[in-house]
Amino acid sequence: MRAKPRGLALRLALSILASACAIFLAVFAYTYRESERTVLRNVEEGARNLTLATVYRMETVMAGAEKLPAYVARRLETTDLSKDDLQAQILDALETNQQVYGSTIAFEPYAANPEQRYFAPYCCRGQDGQPLAFNYLGSETYNYFHMDWYLLPKVMGRPSWSEPYFDENGGKVVMTTYSHPFYKVADGARAFAGVVTADLSLQWLRELVSSISFNRSGHAFLISQAGVFITHPNEQLVMRESIFSVAEATGDKDLRVVGRSMIAGGSGFTRISNPVLGSASGPGLPEDAWLYYAPLQSTGWSLGVLVPEAELFADLQGLSRKALIMGGAGLALMLFVLAAISKAIVRPLEALAHSAATIAQGNLDTALPPVRRKDEIGELRNSFESMRQALKEHIATLVETTAAKERLDSELKIARTIQMSFLPKRFPPFPDRNEFSIFAFLEPAKEVGGDLYDFFLRDENHLFFVIGDVSDKGVPAALFMAVTKTLIKGVAEGGTEPSDILEKVNLELCRDNESMMFVTVICGSLNLASGELLLANAGHGSPLRLRQGAVERLPLPQGLVLGVMEDARYTTQRTKLQPGDMLVLYTDGVTEAMDGTNTLYSEERLEKTLLAHGSDGSEQLVRAVLADVRAHTTGEPQSDDITLLALEYRGKRT
């Protein structure tokens, strides 16, 4: 069963709805994207402010811790302090700066006492509120000369912060140490004498970083200059993993790039996707998050604040879902309203379509439905009414025209039959005569044509033949051809030469020739006993003669075409045919036949075909040429009449 086509009202409603839906989605997508950007800008600004504020607090503490070693180092360079003075200096420094966990003055080997290799008085705060503890560092198991907090300032010649470490023999906590070198003048040269340190316990850093809260689940972490995690909500990472080991374990190239930027002192706001960094609870599924990081200039460490992406856009996504639901409901309501409006608009069109279908079935008397509206639908109804009236008139005219055309076609068929009956069509025409063989063929381009041919015996020994081509086609050319053929035959039967025949026929054709039609003609008379050939030409192409496997064109005077000038004169050309000669006459419809590329058949191709079939006889020769012409045109419509006449002279009658 054929499916019912969709109505115009439904298609109109759906088209408008689709356009409105596309606009809504475009606006929604743009708004959502801009809202995302706004949220990210606000988050970046908030994370930046929080990170920089935390960094400032850390820098303030560390800057205060740096003053103690600097002051003591300057005093050691200018004053020789006793052992008790050194101890008092350290105790006084710890009491002055509550953020400093411990401090030592570590001397070079034998620098403090020529008999003592290790000399490093150290004081640190006690655990859980215990009083300050004092001891001396340095032994074969605790060779502080090779430790970073001692070796780095000695090698670099400037103060430095060490990487975080656990001090087993000193403070016995995870700490970082600020070391300031001091120098003594010996033998006129300034020589390195040791370092003054200030230890900071990392516990306060962890408490400070863990107190950072951003949104609901945002958290912070701190990495050292080597990328090692100093603080992180996941305790399994602290002092055990670095940001680079995490990147290698997860194959995260982007995290590796972020880590390099952090340890290089850079800052930025970037998106990461990592199961470790993105989660405060430990490894798990990848959780996209946004990271803002900034450096601690004094230590080369970097502080990062992470905010889960899902949390950032949770409110925006909830609002977007509500907007989509409300938009969908609005579009559904719009579809209902549009369907009702479209139905009201289309109803008159449906009535017109029904009437048009009835008219299409041939019932032109069907009344169209009345439409009182003066809009495009009203104009359409008036146009249908005008079309209906015009169709009635047109069909009536078409019936008359068709009848007239059928009569004309019938008359043309009759005219063709009559025209072809004028021409000799029985072959062989003279079965009792064996001194010659003749065959002719004419194929009009239309129902009737303007080519002609004829032949007959003027007496016992003379054969007359003629071929011609009228300047036009169709019925006028056919009538002119019939008149020309009748005149030629009537005059030729009087026994005059071909040139006299053409002059008399030309005179008759020129009279009352208001249409100025003309005809090209070649006529000739063959003496069957002697082979003498008389030819006269009135503007036609010269005939071809086949003799002993060669083709030659007979030279003829080019007389004026018939029907143009009454006083035109023509010449009779005399030649002689040998037994076995073949004379071929044709019209230009043969040589000017064109294929699909407008290439002419040409006289050269005609001569090749004649050579190939010259010994086959007159009828076979003509049919071979016709077949070759049709092969050349290959289905192209015939553009001109085609006429061929072949006359073979065989000699005396036997």
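Asp252 is found in the loop between helix 5 (243-250) and helix 6 (253-263); helices (H or I, at least four residues) and strands (E, at least two) are DSSP runs, numbered from the N terminus. Asp252 is buried and yet has no salt bridge. Buried means under 20% relative accessible area, exposed means over 50%, and partly exposed lies in between (1.4 Å probe, protein chains only). A salt bridge is a side-chain nitrogen of Lys or Arg within 4 Å of a carboxyl oxygen of Asp or Glu. This is a predicted model, in which local features need pLDDT of at least 70 and side-chain atom pairs count only at pLDDT 80 or more, while totals for chains, interfaces and linings use all residues. Residues are numbered from 1 along each chain as its sequence is written, and side-chain values use heavy atoms, with hydrogens and water left out.

**The surroundings of Asp252**

- The nearest side chain of opposite charge to Asp252 is Arg256, 7.6 Å away; Lys and Arg count as positive and Asp and Glu as negative, whereas His and the chain ends are not counted.
- The side chain of Asp252 does reach the backbone nitrogen of Asp254, at 3.1 Å.

**Overall make-up**

- The protein chain contains 14 helices and 22 strands.
- Of its 654 residues, 44% count as buried.
- Among contacts (heavy atoms within 4.5 Å) between residues at least 6 apart in sequence, 65% join residues at least 24 apart.

**Salt bridges**

- Side chains of opposite charge can pair when their charged atoms come close.
- The structure holds 20 salt bridges.
- One of them joins Asp454 and Lys485, whose closest N and O atoms are 3.2 Å apart. This pair links distant parts of the chain, with Asp454 in strand 14 (residues 451-457) and Lys485 in helix 10 (residues 474-492), 31 residues apart. Both Asp454 and Lys485 are buried.
- Asp581 forms a salt bridge with Arg547, and the closest N and O atoms are 2.6 Å apart. Asp581 lies in the loop between strand 20 (573-576) and strand 21 (582-586), and Arg547 belongs to strand 18 (residues 544-547), 34 residues apart. Asp581 is buried, with a relative accessible area of 2%, whereas Arg547 counts as partly exposed at 26%.
- Glu603 and Arg553 also meet through their side chains in a salt bridge (3.2 Å, N to O). Glu603 lies in helix 13 (residues 603-613) and Arg553 in strand 19 (residues 550-553), so the pair ties together parts that are 50 residues apart in sequence. Glu603 counts as partly exposed at 36% relative accessibility, and Arg553 counts as partly exposed at 31%.

**Cysteines**

- A search of the whole structure finds zero disulfides, a disulfide being a pair of cysteine sulfur atoms within 2.5 Å.
- The cysteine sulfur closest to that of Cys123 is in Cys124, and at 6.4 Å it is too far for a bond.
- Cys123 counts as buried at 0% relative accessibility, and Cys510 counts as buried at 13%.

**Nonpolar cores**

- In soluble globular proteins, nonpolar side chains tend to be buried together.
- A nonpolar core is a set of buried Ala, Val, Leu, Ile, Met, Phe, Trp, Tyr and Cys residues joined through side-chain atoms within 4.5 Å.
- The largest nonpolar core has 46 residues, and those with the most contacts inside it are Phe465, Leu562 and Leu647. Strand 15 (residues 462-470) gives the largest share of this core, six residues.
- Leaving aside its neighbours within four places in sequence, Leu647 is in contact with residues including Phe436, Ile438, Leu463, Phe465 and Asp581.
- A second, separate core of 39 residues includes Ala73, Val100, Val209 and Trp301.

**Two loop residues**

- Val228 lies in the loop between strand 8 (219-223) and strand 9 (229-231) and is partly exposed, with a relative accessible area of 25%.
- Not counting residues up to four places away in sequence, Val228 touches Leu222, Ile223, Met239, Glu241 and Ser242. Val228 and Val238 are 10 residues apart in sequence and 7.6 Å apart in space, C-alpha to C-alpha.
- Ala264 is found in the loop between helix 6 and strand 10 (268-273) and is exposed, with a relative accessible area of 65%.
- Ala264 and Gly227 are 37 residues apart in sequence and 10.0 Å apart in space, C-alpha to C-alpha.

Definitions and conventions: Polar contact = N/O pair within 3.5 Å; in protein donor to acceptor, adjacent residues only side chain to side chain.
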